[in-house]
Amino acid sequence: MSTDSRTTLLNLIATHSFKLGDFTLASGQKSDYYIDCRITTLHAEGGRLSGLVLYDLIREILPNPERIEAVGGLTMGADPLVSNTASASAWALADYNEIAELSDALELDADERSNEGPAPTLIHGFLVRKAEKTHGTGRRIEGFLKPGAYVVIVDDVCTTGGSTITAIESTREAGMHVAGVLCLVDREQGGRTNIEAAIPGVPFHSVFTASDVRAAHIAQQKSR
């Protein structure tokens, strides 16, 4: 994972998505800060970076990344993460193919082309509705849906883990295998424990913790 991409994304979240104050969270808990990651993930550069960082996590940290066919999560916090991660996989494949074509044109030998590695695979996207549609197909999952496929669940902020667990359960009910769970920011309030209990043996990774974001926010305030 590019350190620069991760650091820039952290600073964007700290700038646009973090606020200190007196807040009541969706879980009912009180907090002296609030993180609205959608402001960052729907920001042009923030969305691009969040997709790149999550795509890199899938490729570098999860076991057998080549078998991952899709990434999904509960609407609407996961929506921009899903779209941008899927797009990042498509750009990676396009870049790989462009380099391969250039190598062919230059007639490079096998040793000179050895650093290309295996071709990236496309990772498609799906969104989990909070309730089944009452019209049309009545689907709970929109987008990619393939029983037996290995997929990754993503979420923007994990507090108790409730929305992530809902997405996990719906995905498994649809016949897909959850191979990993990624969260942009872990609030460190029990979400990780609850998610890991809901899906034992499946790796959970957060890009940042709330402590990381708070520290970056405070550092920004002090530097002004």
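I am working on a predicted model, where local features need pLDDT of at least 70 and side-chain atom pairs count only at pLDDT 80 or more, while totals for chains, interfaces and linings use all residues. Residues are numbered from 1 along each chain as its sequence is written, and side-chain values use heavy atoms, leaving out hydrogens and water.

**Entry 1: the sheet**

I looked up how β4 and β5 go together: they pair in the antiparallel sense, over three bridges. Two strands pair if DSSP finds at least two bridges between them.

Next I wanted the strand order. I read it as β5-β4-β3-β6-β7-β8, six strands in an open sheet with mixed pairing. The edges are β5 (141–143) and β8 (204–209); each has a single partner strand, so one side of each has no neighbour in the sheet.

Then I went through individual pairs. β3 and β4 are parallel and share five bridges; within that pair, L74 has V128 of β4 as its bridge partner. Strand β7 (residues 177–186) also runs parallel to β8, with five bridges joining them. There I found C183 bridged to S206 in β8.

Which strands does α6 lie across? I found helix α6 (residues 162–173) across β3 (68–74), β4 (124–128), β5, β6 (150–158) and β7, and it runs at about 165° to β6. Angles here run from 0 to 180 degrees between N-to-C directions, and axes are lines fitted to C-alpha atoms, for helices over the stretch in contact.

**Entry 2: the hairpin**

I checked strand β1 (residues 18–24) against strand β2 (residues 30–35) and got antiparallel pairing over five bridges. The two form a hairpin with five residues between them, and G28 in the turn has a positive phi of about 95°. T24 is bridged to K30 in β2.

**Entry 3: helix on helix**

I took helix α3 (residues 44–60) and helix α4 (residues 79–106) and found their axes 7 Å apart, at an angle of about 70°. That is therefore roughly perpendicular (65 to 115 degrees; under 35 counts as roughly parallel, over 145 as roughly antiparallel, the rest as oblique). On α3, the contact residues are G47, R48, S50, G51, L52, L54, Y55 and I58; on α4 they are L81, N84, T85, A88, S89 and A92. Contact means heavy atoms within 4.5 Å. I sorted these residues into seven nonpolar, six polar and one charged. In that sorting, Ala, Val, Leu, Ile, Met, Phe, Trp, Tyr, Cys and Pro are nonpolar, Asp, Glu, Lys and Arg are charged, and the others, Gly among them, are polar.

I then did α1 against α3: about 135°, with axes 9 Å apart. That makes α1 oblique to α3. On the α1 side I listed S5, R6, T8, L9 and L12, which meet E45, G46, L49, S50 and V53 in α3. These come out as four nonpolar, four polar and two charged.

The other partner I looked up for α1 was α8. The axes of helix α1 (residues 3–16) and helix α8 (residues 210–223) come within 8 Å and cross at roughly 75°. They are therefore roughly perpendicular too. L10, N11, I13, A14 and T15 of α1 touch D212, V213, A216, H217 and Q220 of α8. My tally reads five nonpolar, four polar and one charged.

Is the peptide bond from T75 to M76 cis or trans? I read it as cis, with omega near 10°. M76 sits in the loop between β3 and α4. I also flagged N64, which has a positive phi of about 50° although it is not a glycine; N64 is in the loop between α3 and β3. I flagged both kinds because most residues other than glycine have a negative phi, and most peptide bonds are trans.

**Entry 4: the annotation**

I checked UniProt, where an unreviewed entry lists residues 145–190 as "domain: Phosphoribosyltransferase". UniProt positions are in the numbering used here, feature names are shortened, and annotations may be inferred rather than shown by experiment. In the model, the end C-alpha atoms of residues 145–190 lie 30 Å apart, and the span is 26% helix and 41% strand.

Technical notes: Helices (H or I, at least four residues) and strands (E, at least two) are DSSP runs, numbered from the N terminus.
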